[in-house]
Amino acid sequence: MRIEIEIERSCPGEGQAARFQSFHVEVPRHATVLDTLMAVKNQEDGSVTFRRSCRSAICGSCAMRINGRSGLACDTQVEGELRRHGKLRIQPLAHMPVVRDLAVEIDPFWARVRAVQPWVERPREAEPSWPVEQETRMPQSAAEEMDDTSKCIMCMSCFSACEVAEVDTRFLGPAALAKAYRFVADPRDTNTQNRLATLNGGGGYWDCTRCNQCVEACPKDVKPMEAIVHLRREAIRAGFTGTIGSRHITDFLSIVRQEGRLNEGRMPMQMKGFNPFKLLPVLPLAWRMWRKGKLPLPWHWPIPGVSQVRRIMDRKGGARRKSFVVGKGDLK
Amino acid sequence: MSMLSHDVIIVGAGLAGMRAALEFAPGVDVAMISKVHPVRSHSGAAQGGVNAALHEDDSWENHAYDTVKGSDYLGDQDAIEIMCREAPSDIRQMEHWGVIFSRNDEERIAQRPFGGAGYPRTCYAADRTGHALLHAMYERVMRRGVKVYEEWFLLSLIMEDGECRGIVALDIPTGQVVSMRARAVVMATGGYGRVYRTSSNGLVNTGDGMAVCYEAGAPLMDMEFVQFHPTTLKSNGVLITEGSRGEGGTLINALGERFMKTYAPNAMELASRDVVSRAEQTEILEGRGVDGCVLLDLRHLGREKILERLPQIRELAIKFAGTDPIEVPIPVRPGAHYSMGGIKADFNGATPLPGLFAAGECSCVSVHGANRLGGNSLLETLVFGRRTGAFVNDYLVGRPMPSPADTHRVEQEKRLAEMVARPAGERGWALREELGTMMNRNVGVFRDRAGLEAAVTVAANVAERARRQWVMDKGKIFNTDLTEALELQHVTELARVIIAGALAREESRGAHFRKDFTTRDDAKWMRHTLAHPDPDGPKLSHAPVAFTRFEPKERTY
Ligand SMILES: Cc1cc2nc3c(=O)[nH]c(=O)nc-3n(C[C@H](O)[C@H](O)[C@H](O)COP(=O)(O)OP(=O)(O)OC[C@H]3O[C@@H](n4cnc5c(N)ncnc54)[C@H](O)[C@@H]3O)c2cc1C
Ligand code: FES
């Protein structure tokens with residue numbers, strides 16, 4: 001079939017600003033976006049620039065924005081795109097400077113990945129010497145705990161889709177944090193406490209707004225946002241309870257336990273304490289809400305079935321995933 | 001631009017290259033260059049697994065025997081013994097470095113059966129073994145802080161007084177041509193599957209390192225042995241794992257017959273790869289194919305089994321062939337898959353050129369001989385990557401840093417400038433298709449004198465035209481039109497070597513099948529082919545095969 005493809009082209013290094021260029025090419029019915037780009041490069045304009053390597057959705061080279069959505073060119077079929085959007089419009093990934101056309105600078109992304117110390121870290125004496133006689137014993141369930149995050153191909157689609165990365169350049173982003181969880185979940189790793197401590201600060205796991213864009217963009221079903229949620233849970237378990245994010249979670253739970261429901265009126269006081277200076281900044285908001293009749297009263301009776309709510313919460317708390325052992329592996 | 005300087009330069013950051021980099025003592029200045037970011041290397045595409053005799057009931061001798069037999073007795077037995085003996089340690093090392101291998105009930109590394117192996121000794125990480133290994137290896141490289149020049153393209157070796165003193169490379173993002181001197185150079189640039197039109201290999205597997213070393217005078221060994229995988233997708237050659245046949249998938253022709261019954265009545269679809277590929281090709285050539293393919297039928301397995309055991313295969317078939325195997329058979333055909341041949345190297349990675357070493361798929365040690373077993377090539381990258389790194393680490397002692405002339409860089413700069421300056425001509429992709437199609441037809445699963453002689457002419461002709469091809473992109477920054485043009489020159493050069501070897505080898509052994517010489521001829525051909533560069537095309541010589549304990553026998557499965 002003969003199709004039209006619009007490609008955003010630019011080369012900042014040579015002073016060429018971004019502009020769209022259209023090409024018409026003949027491609028087979030099941031052509032992918034990558035096939036189409038290659039047809040353009042081969043037959044129409046050899047200077048159209050993009051990355052590719054495996055052409056089978058495993059190397060992570062070819063991520064780009066296709067009709068506005070971040071994803072892999074090599075596993076996106078043109079036909080479906082045309083059906084859904086009536087056009088085929090290709091742009092480089094967002095939140096990364098362009099080198100040329102669809103090729104973006106990858107260093108900023110990898111710097112974020114390196115920041116989570118992405119490797120299994122163990123004390124020197126636990127490092128095996130040659131010849132290596134034993135593997136670490138590990139149940140399949142532990143391997144499965146890392147299954148989602150270890151599928152990541154570092155294609156950067158999630159980073160491009162991330163709404164926080166758009167406004168906060170410090171944010172490490174979904175892929176790097178998912179990678180961090182892969183090691184936090186690894187029974188062989190002994191660096192968990194340090195990892196969680198580092199990522200507890202700005203740019204780390206508390207800065208995610210849980211918009212789910214990364215989960216939707218990911219071509220390999222890594223579910224980065226879920227990994228971030230797991231990191232938060234592990235942080236609280238490991239005693240990192242000082243951040244607003246973790247206070248929000250623990251206070252939320254403690255109110256529900258006391259009253260059987262969320263008491264929004266109490267949340268600010270619970271989190272900040274009865275400190276007038278700290279509560280001051282909340283007052284204008286409280287005033288506006290009160291005028292609209294939306295300010296909930298901070299004093300309630302517990303709901304009638306509160307004991308049942310507590311029972312449910314106790315049961316949930318007991319059902320921790322067994323496979324999860326932080327920092328305890330068979331290192332001998 | 002001034003010359004960069006490192007103790008060792010490793011070209012290629014796939015499994016073999018990165019494994020070598022991790023072996024150097026802390027004081028050694030190691031740098032890697034790779035035309036793609038390390039995790040984009042093709043090692044990541046390996047699915048099935050990696051072999052090692054881990055279990056008490058298995059032994060490295062059994063593994064070695066299977067490998068020698070699989071190689072159709074062309075593998076060097078000393079090297080094979082080393083690989084199989086050291087395999088368990090290398091696998092466990094990777095486990096300690098963070099690879100998430102699938103586990104058995106005893107919480108140990110799980111192993112699955114694989115073609116041509118007498119014991120289930122293939123370790124795996126679900127169906128993403130290569131990806132798991134590659135990412136864990138890169139994690140170690142990051143931890144060590146090894147310098148990697150990402151997206152740098154090897155142009156030539158710096159050869160002076162017969163020894164290798166560094167390389168010249170193109171920094172793709174900036175377009176600069178740079179000299180890099182080193183006390184030793186390690187080649188780890190992977191395979192040449194893309195010499196063929198239909199290939200399971202990624203677009204980057206153009207055998208650059210082999211071609212560049214060959215031009216510099218390093219002999220290429222056993223290049224005529226190219227493994228064809230029986231089940232690759234028609235649209236783009238993406239691999240459909242052997243596991244789909246292991247689960248009960250059948251191969252049928254246009255008449256709906258399970259044609260394997262005429263070729264391998266016992267093993268049927270699970271006969272060895274070369275046998276199945278030849279059977280498929282025969283059906284297609286004799287007109288019983290479907291649009292140049294045969295059909296891989298999984299329908300009788302039922303929806304549930306397909307979804308449970310072969311989910312990724314289903315996904316690939318839907319995405320890349322537009323067919324859902326639950327409802328319709330998948331069209332498949334043999335595709336070039338693995339390069340048994342490569343830069344001649346010994347089991348420490350040393351090539352005949354001083355200062356130059358090689359490991360991984362670009363090298364020929366030779367542990368695969370005429371046919372490699374599935375799961376042995378990932379193993380090769382680990383064992384020989386490590387051995388090469390360790391050997392070069394010692395080799396550096398007392399070897400001074402060379403001071404090569406700048407002329408090597410100037411020469412390459414001039415060459416690239418000329419390529420880019422050419423205002424018109426034939427486009428490389430068209431030449432590539434012409435060459436690849438011919439290679440599939442004449443130098444594929446079946447070969448004969450007439451076809452190979454014709455191939456010599458076509459390849460020489462394409463090589464000549466490739467020298468004058470038209471690079472449309474005139475830019476400096478990230479000029480991939482230029483790197484693709486260079487890759488075309490490499491594949492044409494390698495094609496000529498493959499053809500020359502195939503034409504000379506008048507026998508059938510492993511993956512090399514001559515319709516005019518259908519049997520193995522040990523008296524005459526139990527020897528390696530060596531190819532040397534010459535203006536009139538490759539010059540061939542021979543080298544003996546190393547034997548230790550396994551006597552040649554007829555190879556039946
Ligand atoms: C689809 C598929 C499935 C496979 N499955 C298995 C399996 O299950 N088990 C098994 O044992 N084997 C398998 N193999 C084979 C195995 O994956 C390869 O043989 C092995 O990974 C090769 O590793 P390598 O390190 O030698 O090369 P590669 O991983 O290919 O790395 C080559 C490196 O060289 C660099 N490079 C190349 N040219 C240049 C240049 N001009 N300049 C700079 N750098 C350059 C590249 O950037 C790359 O970093 C499979 C192969 C394929 C194609
Ligand atoms: S080319 Fe490898 S993921 Fe698309």
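Visitor: What is the relative accessible area of Lys319(B)?

Guide: Lys319(B) has a relative accessible area of 22%, which means that this residue is partly exposed (buried is under 20%, exposed over 50%, partly exposed in between; 1.4 Å probe, protein chains only). This is a predicted model, in which local features need pLDDT of at least 70 and side-chain atom pairs pLDDT 80 or more, while totals for chains, interfaces and linings use all residues. Side-chain values use heavy atoms, without hydrogens and water; residues are numbered from 1 along each chain, with chains lettered from A and ligands numbered from 1 as written.

Lys319(B) forms a salt bridge with Asp75(A), at 2.9 Å from N to O (a Lys or Arg side-chain nitrogen within 4 Å of an Asp or Glu carboxyl oxygen). This pair crosses between chains: Lys319(B) belongs to helix 10 (residues 311-321) of chain B, and Asp75(A) to the loop between strand 4 (69-72) and helix 2 (78-85) of chain A (DSSP runs, helices H or I of at least four residues, strands E of at least two, numbered from the N terminus). Asp75(A) is buried, at 12% relative accessibility.

Over all chains, the structure holds 74 salt bridges. Another joins Glu56(B) to Arg108(B), with the closest N and O atoms 3.1 Å apart. These two residues lie 52 residues apart and link distant parts of the chain. Glu56(B) is exposed at 59%, whereas Arg108(B) is buried at 12%.

Asp516(B) and Arg514(B) also pair, at 2.8 Å from N to O. Here Asp516(B) is partly exposed at 34%, and Arg514(B) is buried at 0%. Salt bridges with shared partners also join residues into one network, among them Asp72(B), Glu224(B) and Arg505(B).
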